[in-house]
Amino acid sequence: MAGGKHLLLLLLLLPASVFLGGGQSQTVVMFPQLEQVHIGDLFYLRCNDSRNGMSQMRWFHNDKALQMSNYEIKIQFAASKHSGTYRCEIDGRSSRNNLPISVLNYHPRASLTLQTGQPVMQPDASVTLRLDHSSGLQGWNCFVIRGDIIYLIVLSTEGDNTSLEFQAERMTSPENIFWCSNADKSKRSNQVTIRTSDNSLAMEMYFAPAIVGGGLILRCLSWDMRDFSRVVFYKDNAVMLASTSPTHRMLSVAEADQGAYRCSATLANQNLASDAQELFIHVGGMRPEVSGILEVSCSCPECPTGTHYMWYKMDQDNRPLKLPGNSQASMKPDGKGTYACAALWDSGRTLISKGHFYNPIMGIVLIGLIMLLVIAVVVAVVVFRKRKQRRRGHTGPLYEDVGLKLQEGGADRYERLQRFGAQKESEYDVIHQADPDGAKKEGHYEPLAKAGMDEGVYHTLGMEGGGGGAAAGGYEALQRKTMKDDTYHSIGMEGAAGGEEK
């Protein structure tokens with residue numbers, strides 16, 4: 001069974017002492033007593049003392065004094081900054097306990113939402129709430145705080161219901177806090193707070209508490225639904241906007257938008273004003289992301305294993321409407337629109353993601369543009385390389401830093417580097433040492449023999465055909481012993497006699 005609707009409910013009065021732990025002297029207690037505190041929860045911290053006539057009260061958070069002297073602290077919107085230990089002092093006497101609080105960075109698994117009615121109602125009005133829990137609602141009940149009294153709302157959860165709607169009794173308290181839990185209170189839903197006002201004008205906030213980057217709608221509402229001639233919106237008592245429209249849309253809220261909002265309006269020459277409503281904004285909290293072109297995907301890196309997903313489609317007021325029948329990380333939408341998701345696991349769920357606009361036609365066009373861009377890049381690279389080749393005046397190999405001469409045939413088509421002007425196969429002859437047997441070979445050089453020379457004797461080179469008794473091609477010895485001082489023999493020219501120049 002998908003769910004049911006319950007209009008008549010049994011409400012039982014539960015003594016506040018059950019939740020407050022009454023009877024103890026000077027202790028810090030939480031009201032209502034929550035087994036786990038999740039982001040966005042509302043609760044009170046109270047310093048109970050059996051004595052009367054307290055003269056001085058002090059509160060400490062992580063041993064740091066707080067600027068408040070009331071016996072009660074109201075945490076209207078729990079956040080990570082509220083985690084830590086709390087204690088109180090009365091007349092210098094410290095409480096017997098330090099109350100630890102750890103605010104979880106996600107919502108409870110079960111979801112409680114407002115189906116009919118407004119966040120602000122007239123006294124004695126009623127609203128309809130919807131409870132969803134995909135693992136079933138067997139043994140679940142709900143609670144509401146009105147003043148200092150907690151009422152139990154008994155639900156009829158026969159069968160395999162995973163969702164049901166119920167109508168609360170008329171509300172007489174200025175603040176009514178609803179939530180639901182299973183039999184042993186190990187699992188519960190988020191809270192929904194409905195306030196009442198005697199004013200003829202009400203300041204409504206839709207999708208509050210808002211999420212950073214998400215949208216928010218402020219609406220100035222008249223109970224008799226008369227038209228406004230002028231509407232003024234205020235933030236922290238400062239004029240924010242004056243308009244003829246009773247609705248103000250904030251497309252993307254930021255942390256700085258947190259504050260107290262109210263409105264005033266002129267109706268038939270009558271000026272009306274609303275009560276102020278506190279706007280709380282989710283600054284942190286686990287939040288998935290949606291992306292995709294031909295289909296949409298929900299990703300949550302922070303989520304634990306065993307996570308599945310819930311999909312939403314945003315309506316014209318940017319309100320998320322649940323899409324049934326899909327718990328996978330990816331989805332093929334049935335039409336264009338703005339889609340969002342939330343991740344769920346056994347004990348919790350994330351905030352709803354930012355909306356992602358999907359249009360199948362735009363997806364196809366975008367893929368086509370990407371393909372054209374890739375083709376254009378490839379063509380540009382080819383054209384660039386061709387132009388570079390033409391600039392270098394070369395149609396052969398791309399690189400020619402070393403000038404190589406191509407040969408006609410053979411596997412090795414490149415000729416070895418040769419010194420400019422070389423004609424023979426080998427440009428340089430090495431000096432060969434004499435063979436061991438002393439034999440001379442043509443083209444070799446004979447080393448000069450030092451042993452067969454007289455000391456101080458030098459031989460000059462004789463020219464071919466020289467006289468003086470020298471053999472053809474021989475050398476004339478210059479002998480130091482027969483030379484006069486500073487006398488040198490010159491090389492005789494061809495045909496000269498006696499070695500003297502003619």
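There are 5 aromatic pairs here, where rings of Phe, Tyr and Trp (its six-membered ring) pair if their centres lie within 6.5 Å, and planes under 30 degrees apart count as stacked, over 60 as edge-to-face and the rest as tilted. This is a predicted model, in which local features need pLDDT of at least 70, side-chain atom pairs count only at pLDDT 80 or more, and totals for chains, interfaces and linings use all residues. Residues are numbered from 1 along each chain as its sequence is written, and side-chain values use heavy atoms, with hydrogens and water left out.

**Aromatic pairs**
- F31 and Y44 have ring centres 6.3 Å apart and planes at 40 degrees, so this pair is tilted.
- This pair links distant parts of the chain, with F31 in strand β3 (residues 27–31) and Y44 in strand β5 (residues 43–48), 13 residues apart; strands (E, at least two residues) and helices (H or I, at least four) are DSSP runs, numbered from the N terminus.
- F31 and Y44 are both buried, that is, under 20% relative accessible area, while exposed means over 50% and partly exposed in between (1.4 Å probe, protein chains only).
- F143 and W179 make a stacked pair, 5.4 Å centre to centre with 25 degrees between the planes.
- F143 sits in strand β17 (residues 141–146) and W179 in strand β20 (residues 175–181), 36 residues apart.
- Both F143 and W179 are buried.

- V383 belongs to helix α2 (residues 360–391).
- V383 is partly exposed, at 35% relative accessible area.
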